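Please read the following report beside the sequence and the model.

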Amino acid sequence: MVAEYIKKVIHYIILTLILGIMVFPLLWMFRVSLMPAGSLGSFVELWQGNFTLKNFYDLFTTSSMGRYIFNSSFVALIVTAGNILFCFMTAYALARYRTIFTKILFVSVIIILMIPAHILIVPLYVLMLKAKLYDTYWALILPWLVNPIGIFLLKQYIESLPSTMEDAARVDGAGEFRIIMTIVMPLCKPALAVVAIQIFFTNWNLFLFPYILTSSESLRTLPVALAHFQGQQAIDWQHLMAGSAIAVIPVLVIFIILQKKIVSGITAGAVKQ
Amino acid sequence: MQSTRLTTVVLLLPWILTFVVFWLFPLLFSLITGFTDYSLISRNATVWVGFDNYRELITDQEFISSIKNTFIFVFGTVPITTVISLYMAVLVNRRFKGRGLFRAGYFLPSITSMVVISLIFTNLYNRGGYIAGLATMLGFSTPENGFLYNRSTALYSIMAMDIWMSVGYYMLIFLSGLKSIPSELYEAARIQGAGNIRQFFSITLPLLKPVALFIIVINTIKSFQVFVEIFVMTKGKFETASMVYFIYKTGVTTAFQFGYASAATYILFAIIGIFSVIQFLLMRRRQPLW
């Protein structure tokens with residue numbers, strides 16, 4: 001009995017130790033973002049120092065923080081909406097209309113699923129430049145509107161649904177598009193939610209492509225703006241961490257509310273990040 | 001019948017366009033560009049140069065060092081990440097109070113923006129930062145300029161951060177694998193008197209092999225593309241530049257050598273391609289795809 005108890009205690013000690021290592025950097029970020037400018041950030045200050053929201057206030061008044069938040073939200077929401085609609089459409093056709101054509105297209109989905117996006121650095125840059133889309137919202141949105149991971153997950157989900165309802169509606173004379181949008185799409189809500197969360201997170205955190213495909217300050221998303229902040233001599237850690245906290249908070253809130261959905265999405269779609 | 005065909009095309013149009021415009025065209029474009037001297041600033045017309053870019057690359061010290069750094073990064077982080085995430089998965093797989101909280105906490109870093117994580121660790125790794133403080137407390141000597149501004153520690157510091165960030169993600173995938181192991185196996189082992197460690201090595205590990213293999217492959221593919229943390233933390237200095245960093249630097253900054261960077265892209269593509277083929281085969285085995 002005693003041995004069992006000691007084992008349990010050790011188990012909790014290890015668990016807590018790891019938890020500390022995993023969350024300390026993020027807690028540190030939040031704590032520093034609330035410190036008065038000029039603090040040294042010593043360990044004593046973490047516990048006993050003052051709290052202030054001034055860093056956040058400064059960011060909104062002296063930088064275009066509002067604009068960065070808008071850009072990040074706008075781009076991520078449009079890309080997410082696009083993926084919900086387009087991935088669903090593609091997945092439905094691939095799952096239900098079995099022809100040589102759809103089979104070949106599914107192979108294209110699988111291949112792209114495994115090709116690293118970073119090989120697009122040069123060609124996407126040239127493409128956007130030549131198409132005169134460089135430094136516009138289009139450059140941030142268009143390439144990511146249909147993500148193969150979304151198609152893959154939704155296709156699997158649709159295949160697991162019986163097609164009896166669709167067949168019945170067809171017999172009643174309903175058009176294909178009405179069947180797809182009003183009967184099948186509502187049934188796919190759980191899978192659509194998983195896809196939406198994953199696409200939103202990926203796009204919200206995206207850095208490299210927004211960074212190379214835009215140059216105007218007014219088009220910076222939060223990660224891009226943060227990287228630019230870092231290059232400025234004038235900015236201190238308190239303000240930099242306040243900006244970082246702004247970029248993390250939405251993800252954190254969504255994660256806390258939708259934890260179960262996110263976890264099931266990871267385990268179902270652990271194919272491509 | 002005619003209308004179904006039309007419906008199919010309309011439904012598939014968004015993907016077909018994305019595939020052709022943003023994947024197929026760029027892939028072919030950089031394949032061809034890799035054999036030319038195409039660049040943004042050159043005044044002369046673009047010339048076909050055959051394998052010149054590739055020949056130049058294999059003697060370019062900067063490129064060779066980026067390959068070296070990338071390989072150190074991949075083969076250093078992937079095994080450690082796999083072992084730690086497996087250990088963490090086993091740790092939180094048991095039933096105990098607060099299990100959900102621990103799992104969520106471990107997973108948290110992997111959904112945080114890489115730019116933010118890199119900024120945080122830039123400070124923690126600084127001279128006088130918390131990590132240097134901890135190292136001193138434990139009796140280790142620390143580099144004078146902080147961990148990131150030093151040739152011998154910069155890359156390893158970034159690797160350590162990367163492991164910290166991604167273990168939670170792979171832990172979740174291992175957890176789904178652990179759940180699929182029937183509990184009768186463990187009961188049978190216990191009846192026969194096998195201890196925890198014995199059970200782990202003769203039941204858990206062999207049955208998790210497919211999941212582990214899968215994790216190793218996707219993590220390898222992901223790690224070969226390391227860029228953001230290097231860009232934010234060291235700007236490729238102190239022997240940290242990765243292959244993607246090299247492509248970024250030669251391709252879309254200063255000289256805009258599209259041809260040269262495209263050739264480098266295809267070398268990276270070929271290396272990753274090997275692992276992609278393995279992933280493809282694994283996926284087919286996990287679930288019949290068509």
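Two residues are in contact if their C-beta atoms, placed from the backbone, lie within 7 Å. In that sense B:Thr8 touches A:Ala93, A:Tyr97 and A:Thr102, residues up to four places away in sequence being left out of the count. This is a predicted model, in which local features need pLDDT of at least 70 and side-chain atom pairs count only at pLDDT 80 or more, while totals for chains, interfaces and linings use all residues. Residues are numbered from 1 along each chain as its sequence is written, and chains are lettered from A and ligands numbered from 1 in the order in which they are written.

B:Thr8 has its place in helix α1 (residues 2-33) of chain B, where helices (H or I, at least four residues) and strands (E, at least two) are DSSP runs numbered from the N terminus. A residue is buried if 20 or more other C-beta atoms lie within 10 Å of its own, exposed if 12 or fewer, and partly exposed in between, with C-beta atoms placed from the backbone. B:Thr8 is buried because 20 other C-beta atoms lie within 10 Å.

The contact between the chains takes 63 residues from chain A and 62 residues from chain B. On the side of chain A that touches chain B, the largest share, ten residues, comes from helix α1 (residues 2-33) of chain A. By class, that side of chain A has 51 nonpolar, ten polar and two charged residues; Ala, Val, Leu, Ile, Met, Phe, Trp, Tyr, Cys and Pro count as nonpolar, Asp, Glu, Lys and Arg as charged, and the others, Gly among them, as polar.

Within chain A, the domain assignment gives domain 1 (2-48) and domain 2 (54-268), such bounds coming from an automatic or database domain assignment. The C-alpha centres of domain 1 of chain A and domain 2 of chain A lie 33 Å apart. Nine residues of domain 1 of chain A are in contact with nine residues of domain 2 of chain A, and the domain 1 side of this contact has six nonpolar, three polar and no charged residues.

Axes are lines fitted to C-alpha atoms, for helices over the stretch in contact, and angles run from 0 to 180 degrees between N-to-C directions.

| Helix pair | Angle | Axis separation |
|---|---|---|
| α1(A) and α14(A) (residues 237-257) | about 120 degrees | 7 Å |
| α8(A) (residues 148-159) and α11(A) (residues 189-205) | about 170 degrees | 10 Å |

Angles under 35 degrees count as roughly parallel, over 145 as roughly antiparallel, 65 to 115 as roughly perpendicular and the rest as oblique. α8(A) is therefore roughly antiparallel to α11(A), and their contact residues divide into seven nonpolar, one polar and no charged. α1(A) and α14(A) are oblique to each other, and the residues of their contact divide into seven nonpolar, three polar and no charged.

In chain B, B:Phe238 is not a glycine, yet has a positive phi of about 55 degrees. B:Phe238 lies in the loop between α10 (228-233) and α11 (243-252) of chain B, and counts as buried because it has 20 C-beta neighbours inside 10 Å. B:Thr254, also a residue other than glycine, has a positive phi near 25 degrees and lies in the loop between α11 and α12 (258-286) of chain B. With 9 other C-beta atoms within 10 Å, B:Thr254 is exposed.
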